[in-house]
Amino acid sequence: MTAPRELLLAGVGTMGRPYLEAAARLGVRARALESTATWEHRPTALAERFYRVPGGHEESWAGAVAAAVAERVPDGLIGFAEPQVVGAALAQQRHGLRGPSLHAAVVSRNKALQRALFGAHGVPQPEYLHVARLGEARDWMLRRLPVVVKPLSLSGSQGVELIRTREEAEEVVARRDGEGQLLVETAVEGPEFSWEALVCGGEVLFGNVTAKETTPPPYFVELVHRCGHDLGPEAAAQVEELTSGVLHALGMDTGLVHLEFRMGAAGPVLMEVAVRTPGDYLPDAIGLTYGFDLYEAMVLLSVGLPLPALPQRPVSHAATVFLTAPPGTLTGIGGLDEVRAHPAVVRVRPRKGVGDTVQPLTSSARRLGHVLVDAGSPTEREDAVKFVRETLRFTVTPQVP
């Protein structure tokens with residue numbers, strides 16, 4: 001009798017738990033690494049063993065992954081989120097496990113490396129400047145306004161800021177000059193999208209386009225994801241050319257890719273790319289849209305088991321709506337029962353409760369939770385999104401300075 005395959009999952013939290021649930025359904029053994037911050041909430045029933053990882057730095061995760069693999073080499077290894085990507089890729093390369101490639105992992109973790117690499121390969125992207133201190137970019141910014149300032153390795157819109165005027169440029173230089181290395185880019189006008197893909201040996205097995213709705217400048221925090229977006233034949237061909245160029249430049253081998261782009265006047269322009277599970281519960285919405293389990297597919301791909309034929313067209317229309325409120329103290333939440341009862345609503349998951357502080361919405365980490373909807377048509381999806389926004393009511397008392 002053949003022994004079951006084994007998966008090692010680096011990073012679980014809330015959004016990584018479906019990987020362990022998928023492994024259990026597939027009869028794949030699992031071990032997992034979890035951070036000290038979420039250790040008490042680890043799903044002990046879903047893995048044969050958990051390894052505790054002190055701290056949240058990439059180096060901590062890389063050491064913990066190396067130790068777990070040295071104990072026993074698994075059949076598959078998944079680095080769930082940004083801090084685990086490089087540590088997982090190091091072990092994958094060292095032990096011949098399936099993964100995105102060490103080159104792709106390292107480049108994905110640094111936006112300046114991405115810009116340099118993709119520029120060398122002719123991938124459409126903004127004009128940019130990488131500086132050790134923001135003050136070094138002052139004159140460059142003033143000649144190219146509007147521009148976007150962003151950190152090299154953060155995600156979720158953290159530290160991303162649009163600068164439109166000379167006054168804003170002078171203010172941001174004064175405020176962020178001591179921050180260290182930053183990337184400054186020319187701003188690209190046009191709607192924002194992402195492309196999520198499952199890749200095996202450099203070949204795209206499945207791809208999805210997500211249309212993104214964001215807050216206004218300067219922070220562009222994502223408010224709604226609409227999966228299975230139809231770009232139309234001309235734009236779809238342009239996006240295929242863009243994504244193919246990115247995968248080639250990365251040297252992408254096997255795993256999940258999450259790529260963000262804006263549709264500019266001359267076509268799609270790359271914003272950034274990650275070689276890990278997309279955040280914001282996108283795999284859940286993608287699975288509903290296409291009628292398959294993306295977590296299961298990734299587990300099968302990782303441990304070397306055959307995949308079923310993957311769908312190429314949507315069978316439904318899912319969206320994730322993120323909950324927000326003005327800053328202050330949360331004093332009431334209304335409409336939860338009505339939203340939960342709506343036939344298109346799959347899940348309602350608030351992250352804040354009465355008495356909690358609502359901070360200014362400058363990054364995705366400051367949103368108040370999400371609602372997952374699934375509908376039979378784009379029109380029904382829009383009706384559900386509108387219903388959620390009009391029905392869920394957050395009462396906030398502004399904080400006195």
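Helix α10, residues 294-303, is mostly covered, with 9 of its 10 residues buried, buried being under 20% relative accessible area with a 1.4 Å probe, protein chains only. Helices here are DSSP runs of H or I, at least four residues, and strands are runs of E, at least two, numbered from the N terminus. This is a predicted model, with pLDDT of at least 70 required for local features and 80 or more for side-chain atom pairs, while totals for chains, interfaces and linings use all residues. Residues are numbered from 1 along each chain as its sequence is written, and side-chain values use heavy atoms, without hydrogens and water.

Among the buried residues of α10 are Leu-294, Tyr-295 and Met-298. At the N-terminal end, Asp-293 caps the helix, with a side-chain oxygen 2.9 Å from the backbone nitrogen of Tyr-295. After α10 comes Gly-304, with a positive phi near 85°.

Now the cavity. On a 1 Å grid over the protein atoms alone, a cavity is a set of points where a 1.4 Å probe fits but cannot get out, and lining residues have an atom within 4 Å of a point. Searching the whole structure gives 1 cavity of 30 Å³ or more. The largest cavity has a volume of about 170 Å³, a volume being the space filled by probe spheres set on the points, which are joined across faces, edges and corners. Of its 19 lining residues, Gly-79, Gln-92, Pro-100, Val-275 and Met-298 lie nearest the centre. The elements giving two or more residues to this lining are β4, α3, β12 and α10; α3 gives the most, with 4.

Key
Buried means under 20% relative accessible area, exposed over 50%, partly exposed in between (1.4 Å probe, protein chains only). A polar contact is a pair of N or O atoms within 3.5 Å; within protein, one must be able to donate a hydrogen and the other to accept it, and residues adjacent in sequence count only if both atoms are side-chain atoms. On a 1 Å grid over the protein atoms alone, a cavity is a set of points where a 1.4 Å probe fits but cannot get out, and a pocket is an open set with protein on both sides within 12 Å along at least five of seven lines; lining residues have an atom within 4 Å of a point.
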